[in-house]
Amino acid sequence: MKVMKRVFWLFVPLIVLGSCIKEEEQATTPRGCFEALWKIVDEHYCFFDYKKQEYGLDWNEVYKKYEGQFDNVRLTSHQTFEMLAAMLSELRDGHVNLTTAYDYGRYWAWKENYPRNFSESLQRNYLGTDYKISAGLKYKLLDDNIGYVYYSSFSSGLGEGNLDAVLNEFSSCNGLIIDVRENGGGYITYAEKFAARFTNKEVLVGYLQHKTGTGHNDFSDMQEKRVKPSSGFRWQKRVVVLTNRSVFSAANEFVSYMKCFPNVIVVGDRTGGGSGMPFSSELPNGWSIRFSACPSYDPNKQQIEFGIDPDIKVDITEEDEMSGIDTIIETARKELAD
């Protein structure tokens, strides 16, 4: 039974994606791969203590739970993959992926068990067909003089000129809506670049740690993350950021940054989380494993791995959806009109 689900996640450039843990050569048997994978995660994964507190994760107990399944030397490659993927799902981490030539281990429960709170057909009622496009941004002036910007992925290019053009377009608006629903992440640099347009001073937006040893608690001191104001056009009016459970990774970071600014409120559902920066390694049989190795925190030194709560929690109602109305967008418009 496949426990892991597909997750689309593009890793940030702050981490060397090609880095690899040099493990002792081990047998390429199913048992050898199990032992190698368990050890790699045990020594380098960054959320063991936090997830033990949240839901009782015990990696040693996970070992005991799965080790007996690898005593059968006749396990096929596919059976081995399924069991290793199931073991990794115990981490409940959308950043944990096991990659083979024929499949991709993934965990999606962080968003699948919640309302989607986004609809392309509803969005078309607001964007229409005459919206403008600048790099990865879709944008339009709504009929109540509120600017609407949709950014679907932080992997889509975002230049300073793009941001200047879009924000200048809305310079006479009453307020701005930034919709990052369904944004599964991308490059942290784009998140920082975008957020820098909404502050006039350098702001502490969180902290980052790095693993310094193989112990579960071997971390560096917390290092500050700061957003400096852009030298380009900076938005001075109110902003509403729209979120749902599919806001993940770099998009989750963006929401965390924006919540630090006084003229910004977040409307919608809790984000999906995904605050661990990635590390990669390889199993003896050549399969690739990526996982969270550097924890990220908000300015209060609180974990954001399992998501960020909005300032105003609202779901798209069935009644509104039947009427072609996006409840979350309308809530944002009301907030900016008040």
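A crossing of two helices is right-handed if the near helix is turned clockwise from the far one by less than a right angle. Keep that in mind for the first stop. The model on your screen is predicted.

**Stop 1: two helices**

Select residues 59-67, which form helix H3, and residues 77-89, which form helix H4. Look at how they pack. Their axes lie 10 Å apart, at an angle of about 155°. Angles over 145 degrees count as roughly antiparallel, so H3 and H4 are roughly antiparallel to each other. H3 passes H4 in a right-handed crossing.

**Stop 2: where the helices meet**

Which residues of H3 meet H4? Show the side chains of Trp59, Val62 and Tyr66 in H3. Across from them, select Met83, Ala86 and Met87 in H4. The residues of this contact divide into 6 nonpolar, no polar and no charged.

**Stop 3: Ser246**

Move on to Ser246. Find strand S9 (239-243) and helix H9 (250-258); Ser246 is in the loop between them. Is Ser246 buried or exposed? Its relative accessibility is 9%. Buried means under 20%, so Ser246 counts as buried.

**Stop 4: around Ser246**

Leave aside the neighbours within four places in sequence. Ser246 is then in contact with Trp110, Lys111, Glu182, Asn183 and Gly184. Zoom in on Glu182. Its side chain makes a polar contact with the side chain of Ser246, at 3.3 Å.

**Last stop: Trp235**

Select Trp235 and keep Ser246 in view. The two are 11 residues apart along the chain. Their C-alpha atoms are separated by 26 Å.

Conventions: Residues numbered from 1 in each chain as written. Predicted model: local features only at pLDDT ≥ 70, side-chain atom pairs only at ≥ 80, totals over all residues. Heavy atoms only, no water. Helix = DSSP H or I, 4+ residues; strand = E, 2+ residues; numbered from the N terminus. Buried < 20%, exposed > 50% of the residue type's maximum accessible area, 1.4 Å probe, protein only. Contact = heavy atoms within 4.5 Å. Polar contact = N/O pair within 3.5 Å; in protein donor to acceptor, adjacent residues only side chain to side chain. Axes fitted to C-alpha atoms, helices over the stretch in contact; angles between N-to-C directions. Parallel < 35°, antiparallel > 145°, perpendicular 65-115°, else oblique. Nonpolar A, V, L, I, M, F, W, Y, C, P; charged D, E, K, R; others polar.
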